[in-house]
Amino acid sequence: MNPTRKRRLVIVLLILAAATIATVLVVVALQNNMNYLLTPSQVQSGQASSYKTFRLGGMVKAGSIQRSNDSLKVTFTVVDAGGAMPVEYTGILPDLFRDNQSVIATGHMDGARFVATEVLAKHDETYMPKELKDAMAKAHEGKPGIESRE
């Protein structure tokens, strides 16, 4: 093979290898930064087992909030139409956090409980993230007496 062609072939192969490595790095970075939103019933059905970190959305069960006396640790239960998930959070909760309030918690599973690193409460009476609204509507499908809000 001609030395000039050989050099061009090596350069083309190096450029292709660099582009492949860059593409793989971008895909891995995007996968690590994605947060999937699941409801307690979806988590209990095993849909969260393949995610290291995800968001848990639902309502805070009335009477489930327990605050530690000597730290910022709070435990509460997030519920939807078909399930309940105990949540543990250490930190300052949003001002709007209370019983029967919509919340989204970001974190990971630790056994049968969800350990949150961030907790968000809805900001007014009508706001609900589209993903959570769709997931809650899907969970309520076919159940008598439950109407979806638009």
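Is Arg 113 buried, exposed or partly exposed? Arg 113 is partly exposed, at a relative accessible area of 30%. Buried here means under 20% relative accessible area and exposed means over 50%, with partly exposed in between, using a 1.4 Å probe and protein chains only.

Before going on, a word on the source. This is a predicted model, in which local features need pLDDT of at least 70, side-chain atom pairs count only at pLDDT 80 or more, and totals for chains, interfaces and linings use all residues. Residues are numbered from 1 along each chain as its sequence is written, and side-chain values use heavy atoms, with hydrogens and water left out.

Back to Arg 113, and its charged partners. A salt bridge is a side-chain nitrogen of Lys or Arg within 4 Å of a carboxyl oxygen of Asp or Glu. The whole structure has 3 of these. One joins Glu 88 to Arg 113, at 2.1 Å from N to O. Glu 88 is in strand S5 and Arg 113 in strand S7, so this pair ties together parts 25 residues apart in sequence. Strands are DSSP runs of E with at least two residues, numbered from the N terminus.

Glu 88 also meets Lys 73 in a salt bridge, at 3.6 Å from N to O. Lys 73 lies in strand S4, so here the parts tied together are 15 residues apart in sequence. Asp 110 forms a salt bridge with Arg 113, with the closest N and O atoms 2.7 Å apart. As for accessibility, Glu 88 is buried at 15%, while Lys 73 is partly exposed at 34% and Asp 110 is partly exposed at 38%.

Now the strands themselves. Two strands pair if DSSP finds at least two bridges between them. S4, residues 73-79, and S5, residues 84-90, run antiparallel with 7 bridges, and a hairpin of 4 residues joins them. S5 runs parallel to S7, residues 113-121, with 3 bridges; Glu 88 has Val 115 as its bridge partner there. Val 115 is also the bridge partner of His 108. S2, residues 54-60, is antiparallel to S6, residues 102-110, through 6 bridges.

Next, the interior. A nonpolar core is a set of buried Ala, Val, Leu, Ile, Met, Phe, Trp, Tyr and Cys residues joined through side-chain atoms within 4.5 Å. The largest one has 19 residues, and Leu 56, Phe 76, Phe 114 and Val 119 have the most contacts inside it. S2, S4, S5, S6 and S7 each give two or more residues to this core.

Which residue pairs with Phe 76 as an aromatic ring? Phe 97 does, edge-to-face, at 4.8 Å centre to centre and 65° between the planes. Rings of Phe, Tyr and Trp (its six-membered ring) pair if their centres lie within 6.5 Å; planes under 30 degrees apart are stacked, over 60 edge-to-face, and the rest tilted. Phe 97 sits in the loop between S5 and S6, 21 residues from Phe 76. Both Phe 76 and Phe 97 are buried.

Last, Asn 100. This residue is in the loop between S5 and S6 and has a positive phi of about 55°, although it is not a glycine. Asn 100 is exposed, at 52% relative accessible area.
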